[in-house]
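Visitor: Hi, I have a structure open and would like a quick tour. Can we start with one residue and go from there?

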Amino acid sequence: MTKTVADVMKLVKEKECTFVDFRFVDTKGKEQHTTVPISHFDEDKFESGHAFDGSSIAGWKGIEASDMLLMPDPTACYIDPFYEEPTLVITCDVIEPSDGKGYDRDPRSIAKRAESYLKSTGLGDTAYFGPEPEFFIFDGVRWGADMQGCFVKIDSEEAPWSSGAEIEGGNPGHRPGKKGGYFPVAPVDTFHDMRSEMCLILESLGIPVEVHHHEVAGQGQNELGTRFSTLVQRADWTIWQKYVIQNVAHAYGKTATFMPKPVVGDNGSGMHVHQSIWKNGENLFAGNGYAGLSEFALFYIGGIIKHAKALNAITNPGTNSYKRLVPGFEAPVKLAYSARNRSASIRIPHVANAKGRRIETRFPDPLANPYLCFAALMMAGLDGVQNKIHPGEAADKNLYDLPPEEDAKIPTVCASLEEALAALDKDREFLTRGGVFTDSMIDAYIDLKMEDVTRFRMTTHPIEFDMYYSL
């Protein structure tokens with residue numbers, strides 16, 4: 001991994017790069033880019049930045065204040081594995097030219113302010129995050145929604161519905177079946193080589209890979225397990241990981257999606273997020289309380305549970321997210337914590353060494369913008385520590401099978417994006433401490449996401465014909 005401007009210039013020379021791709025991430029979490037020839041790239045770019053029009057990015061500034069700067073980060077770059085021409089990709093912060101500070105709506109700048117805020121509190125100096133974004137790979141997908149009607153069709157030779165399909169060269173017959181993808185060997189698992197290629201590319205970019213496997217859903221659900229890191233770097237890596245996964249699938253003539261619930265009646269894709277806070281090289285989550293946790297860690301859990309509904313607007317930011325978070329279908333909807341129980345929305349993974357002690361928040365999904373997601377989770381956890389919010393007793397029973405009177409006592413995540421946005425609007429103060437998130441950014445975020453809510457609410461759904469047409 002590069003560290004300094006000199007390292008970057010040396011890499012450009014060694015790899016004979018002809019272009020440099022400046023990249024940043026918008027509010028929705030989509031990576032954007034602009035490219036300059038190598039003749040227009042020198043050390044000065046790291047001082048003066050690269051100008052671009054910020055008014056065209058959804059949820060950002062109006063036309064009256066459109067000039068923004070991309071400031072490349074020499075510690076976050078790689079040679080693009082997919083472009084024809086040798087191209088250096090460099091991750092940038094979005095800077096407000098008037099004051100030279102990170103733009104208040106730039107997700108990466110928000111994540112950087114979150115890291116600074118942690119240090120300023122004196123509670124800790126490093127936040128480690130380890131996300132597990134699941135994803136689907138399909139052979140093809142088609143959809144349409146207009147005045148005539150709407151449809152979606154997913155093509156997947158691995159899917160249970162392909163058992164009767166006439167396939168050129170013959171139907172192989174080996175497929176996982178519903179909820180059967182975790183995790184038989186080939187020829188049932190058809191994605192091994194593709195995942196291996198994704199992993200090798202990720203390692204070449206400097207992202208350590210720990211495991212890869214097919215996931216539970218029987219139509220191309222997969223997961224690559226990559227190493228934890230510090231908040232901003234781990235968010236960078238998550239964006240890079242999505243880029244690699246989608247482009248390798250594309251090169252194979254397939255299509256990869258991080259939609260939480262593209263398929264009805266089989267598992268959705270989550271993004272479990274492992275986290276811990278450290279100070280002076282010591283893991284503050286390790287202790288002698290429940291499951292080896294410290295009081296600090298329990299309070300941190302308390303903060304996440306307290307603010308979970310507001311967090312949902314950021315950790316589960318699509319209308320589709322709530323198709324996954326439905327009670328009664330093994331989704332992590334119950335706001336409880338447990339060492340053994342995967343039905344709880346916060347789990348404490350078993351680790352042999354106290355250095356690995358951490359919590360795993362299970363309700364987020366991979367639609368989340370990782371910079372905003374990790375920053376918001378940490379801000380909620382720190383509020384729990386600052387205000388000594390105890391999460392109560394651990395839940396060691398199966399939360400899916402509780403008697404109704406016990407079930408009613410355990411709070412749940414939101415049931416819709418609209419509910420989550422209303423919760424964020426009311427419960428936002430914890431995010432604005434230290435200027436990490438600003439009120440204007442949160443307002444703009446809510447407005448942007450309400451566009452999704454309104455569009456979704458206005459669109460007639462085929463299942464409504466099934467339920468209401470002949471009444």
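Visitor: Which helix is Ile463 found in?
Guide: Ile463 sits in helix α14, which covers residues 462–468. Keep in mind that this is a predicted model.

Visitor: Is Ile463 buried, partly exposed or exposed?
Guide: Partly exposed, because its relative accessible area is 45%, and that class lies between 20% and 50%.

Visitor: What does Ile463 form with Met467, Tyr468 and Leu471?
Guide: Those four residues make a nonpolar patch on the surface. Together they have about 480 Å² of accessible area.

Visitor: Which residues lie on each side of β11?
Guide: One side has Gln221, Glu223 and Gly225. The other has Asn222, Leu224 and Thr226. Both faces are covered.

Visitor: How many bridges join β10 to β11?
Guide: There are 5, and the two strands run antiparallel. Strand β10 is residues 209–214. Across the pair, His212 stands opposite Leu224.

Visitor: What do β10 and β11 form, and what's in the turn?
Guide: A hairpin, with 6 residues between the strands. Gly220 is in the turn and has a positive phi of about 80°.

Visitor: And β7, how many bridges join that one to β11?
Guide: Strand β7, residues 126–138, is joined to β11 by 3 bridges. This pair is antiparallel.

Visitor: Which residue in β11 is the bridge partner of Phe135?
Guide: Asn222 is the partner of Phe135. Asn222 is also one of the buried residues on β11.

Note on methods:
Residues numbered from 1 in each chain as written. Predicted model: local features only at pLDDT ≥ 70, side-chain atom pairs only at ≥ 80, totals over all residues. Heavy atoms only, no water. Buried < 20%, exposed > 50% of the residue type's maximum accessible area, 1.4 Å probe, protein only. Helix = DSSP H or I, 4+ residues; strand = E, 2+ residues; numbered from the N terminus. Pairing = 2+ DSSP bridges. Patch = residues over 30% accessible without salt bridge, like charges linked within 9 Å, V, L, I, M, F, W, Y side chains within 5 Å. Areas by Shrake-Rupley, 256 points an atom, 1.4 Å probe, with all protein chains shown as cover. Salt bridge = Lys/Arg side-chain N within 4 Å of Asp/Glu carboxyl O.
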